[in-house]
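Take a look at the model below. Then work through the questions one at a time.

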Amino acid sequence: MAHQKKKKSLLKRLIFLVATVAVVVYGTLAILVFTFEKSGIIQKAAHVVMDEVQVLTGGLTMPTEYISIYQAAAEEYDIPWTLLAAVHRIETRFSTMSTLISPVGAEGHMQFMPCTFVGWSHPSCSGLGQGEIPEKDKTNPDVIAQYGGYGVDANGDGIADPFDIEDAIYSAAHYLSRSGAAEGDLKKALFNYNRSDQYVSDVYAFYEEFEEMRDQLEGLAAAEN
């Protein structure tokens, strides 16, 4: 009888000890979670993870296959590659739009008006910049050089094509660089690209987001190569 009482007493002590440990552990975890939430650590980590998931699944954050093109063009024209990515995101949603010709006549992956691509000194250029430029001249590097346009033959195939992804991104880098981005005035360059304060705000917001994720994005791109 005394032995049974002793066993019950030990069992009660063990249950009490386990319950105490559980309370301490739970309380500690609750404090840690509260601390992390207050500091924004959990939210920031979740944001990064979700962005990376979107990248890996081909979402609209940024297709990684374009990153090496952004980087090469940015190096050539001394601007941030993340700025090119942000412009691409706004202009054609990373080239996922059903058409790459806008209602006002902007063309290609980065939405150049023909007169900006070929050069405003072309005799047909005025107004919004659609011009009446022959198709063969629109992509001719010699014609573009003659009229002072921003079109670039990035892949060396003898044509500067706004519908070719490399040519388009290099041409955008050329334009942004000459418009102030190479000197660090990114917002001025964006305003020159599309004269709208809302446009500047939208592109710059993506630029800042991509800058925050630069290391992760570059790492993901490098892993694919």
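Helices here are DSSP runs of at least four residues, numbered from the N terminus. The model is predicted.

Q: How many cavities of 30 Å³ or more does a search of the whole structure find?
A: The largest cavity holds about 40 Å³ of space. That volume passes the cut-off of 30 Å³, and the search of the whole structure finds one cavity.

Q: How many charged residues are in the lining of the largest cavity?
A: Glu107 and Lys138 are in the lining, alongside residues including Phe112, Met113 and Pro162. Glu and Lys count as charged, while Phe, Met and Pro count as nonpolar. By class, the lining has six nonpolar residues, no polar ones and two charged.

Q: At what angle do helix H4 and helix H9 pack?
A: Two packed helices are described by the angle between their axes and the distance between the axes. H4 covers residues 81–92 and H9 covers residues 186–193. Their axes lie 12 Å apart, and the angle is about 30°.

Q: Which residues in H9 meet H4?
A: H4 passes H9 in a right-handed crossing. By class, their contact has five nonpolar, no polar and one charged residues. From H4 come Leu83, Val87 and Glu91; from H9 come Leu186, Leu190 and Tyr193.

Q: What percentage of residues 147–183 is helix?
A: UniProt lists this stretch as "domain: Transglycosylase SLT" in an unreviewed entry. Its end C-alpha atoms are 25 Å apart.

Definitions and conventions: Residues are numbered from 1 along each chain as its sequence is written. This is a predicted model: local features need pLDDT of at least 70, side-chain atom pairs count only at pLDDT 80 or more; totals for chains, interfaces and linings use all residues. Side-chain values use heavy atoms; hydrogens and water are left out. On a 1 Å grid over the protein atoms alone, a cavity is a set of points where a 1.4 Å probe fits but cannot get out, and a pocket is an open set with protein on both sides within 12 Å along at least five of seven lines; lining residues have an atom within 4 Å of a point. Grid points are joined across faces, edges and corners, and a volume is the space filled by probe spheres set on the points. UniProt positions are given in the numbering used here, feature names are shortened, and annotations may be inferred rather than shown by experiment. Helices (H or I, at least four residues) and strands (E, at least two) are DSSP runs, numbered from the N terminus. Axes are lines fitted to C-alpha atoms, for helices over the stretch in contact, and angles run from 0 to 180 degrees between N-to-C directions. A crossing is left-handed if the near helix is turned anticlockwise from the far one by less than a right angle, and right-handed if clockwise. Contact means heavy atoms within 4.5 Å.
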